[in-house]
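Grab a pencil and open the model in your viewer. Here are a few exercises, each with a solution worked out in steps.

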Amino acid sequence: KYVKRGFKVDVGGHEMIGHQSGKMFSETKHVNNSTGEITMTYNFDRNMLNPITNNVVETWYKEGETYGSVFGSIGSGYEESRAEATGLLLNCVHDMHMIFGHSDDEWKDISYIAWLWMIRSGVLGLSAYDDKNNKWLQAHCQARYAIYRVLKEAGIVEITYTNNSFLITVNRSEIETKGLSALREYLMKLNIYKSTADFENGSTYFMKYCEVDEEHSKIREIYLN
């Protein structure tokens with residue numbers, strides 16, 4: 001009843017705000033044609049503090065660098081997870097549902113189903129993981145799996161096993177507390193690492209949630225078989 005409606009809200013937040021937001025801190029080189037002197041200008045305040053470290057911003061996109069050149073092979077999955085997290089976060093906002101014509105009586109149920117859908121998609125996205133080469137083959141599957149792992153770590157998702165099957169259980173009562181808190185922190189860090197071209201910390205943080213450990217290898221095998 002609600003999957004398509006929840007998914008539309010997700011996609012709206014994902015495309016219009018997720019992919020379209022986030023300033024890229026960068027430098028630009030200027031050459032004086034008369035003297036040959038080179039100066040650098042920056043599109044951000046060099047005294048700005050990084051909210052993660054509480055220190056002055058230390059990294060940015062150097063002249064000629066782009067998001068793609070800095071984040072390389074993880075860039076697609078990372079960016080899709082950033083956008084997916086934005087869409088899911090906005091699915092908990094009343095005004096977002098009003099844009100899509102959802103009633104006051106239904107919007108919280110639609111939001112809940114959107115969370116269920118995202119978590120389920122994250123788990124089943126394991127089908128797009130190449131276990132032989134330890135590689136994700138589809139960016140959206142990787143993105144949703146990472147979000148699922150964030151929410152599982154937060155304690156709102158549990159997986160139980162019976163024979164050769166598994167059951168995904170989501171604690172609805174804790175979505176607006178533990179769930180939103182964990183999702184906000186995840187999105188905040190993805191945004192800052194991307195904005196500041198901090199591949200070292202950004203890749204370590206993101207790939208931690210993309211890891212397919214022994215438990216999830218088992219889940220993958222059950223699902224595929």
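This is a predicted model: local features need pLDDT of at least 70, side-chain atom pairs count only at pLDDT 80 or more; totals for chains, interfaces and linings use all residues.

Residues are numbered from 1 along each chain as its sequence is written, and side-chain values use heavy atoms, with hydrogens and water left out.

**Exercise 1.** Work out how helices α7 and α8 pack, and which residues make the contact.

*Step 1.* Find the helices (DSSP runs of H or I, at least four residues, numbered from the N terminus). α7 covers residues 175–195 and α8 covers residues 199–210.

*Step 2.* Get the geometry: the angle is about 145 degrees and the axes lie 9 Å apart. Axes here are lines fitted to C-alpha atoms over the stretch in contact, and angles run from 0 to 180 degrees between N-to-C directions.

*Step 3.* List the contact (heavy atoms within 4.5 Å). α7 brings Glu185, Tyr186, Lys189, Leu190 and Tyr193, while α8 brings Asn201, Gly202, Tyr205, Phe206 and Tyr209.

*Step 4.* Sort them: six are nonpolar, two polar and two charged. For this count, Ala, Val, Leu, Ile, Met, Phe, Trp, Tyr, Cys and Pro are nonpolar, Asp, Glu, Lys and Arg are charged, and the others, Gly among them, are polar.

**Exercise 2.** Track down the largest nonpolar core and look around Ile147.

*Step 1.* Such a core is a set of buried Ala, Val, Leu, Ile, Met, Phe, Trp, Tyr and Cys residues joined through side-chain atoms within 4.5 Å. Buried means under 20% relative accessible area, exposed over 50%, partly exposed in between (1.4 Å probe, protein chains only).

*Step 2.* The largest one has 48 residues, and Ile147, Tyr186 and Phe206 are among those with the most contacts inside it. Helix α7 gives the most to this core, with eight residues.

*Step 3.* Leaving out residues up to four places away in sequence, Ile147 touches Ser81, Glu84, Ala85, Leu88, Met118, Leu183 and Tyr186.

**Exercise 3.** Describe the hairpin of β1 and β2.

*Step 1.* β1 (residues 27–31) and β2 (residues 38–42) pair antiparallel over five bridges; pairing takes at least two DSSP bridges.

*Step 2.* Lys29 sits opposite Met40. Six residues separate the strands, and Gly36 in the turn has a positive phi of about 80 degrees.

**Exercise 4.** Is Asn163 buried or exposed?

*Step 1.* Asn163 is in the loop between β5 (157–162) and β6 (165–170).

*Step 2.* Asn163 is exposed, at 81% relative accessibility.

Definitions and conventions:
Helices (H or I, at least four residues) and strands (E, at least two) are DSSP runs, numbered from the N terminus.
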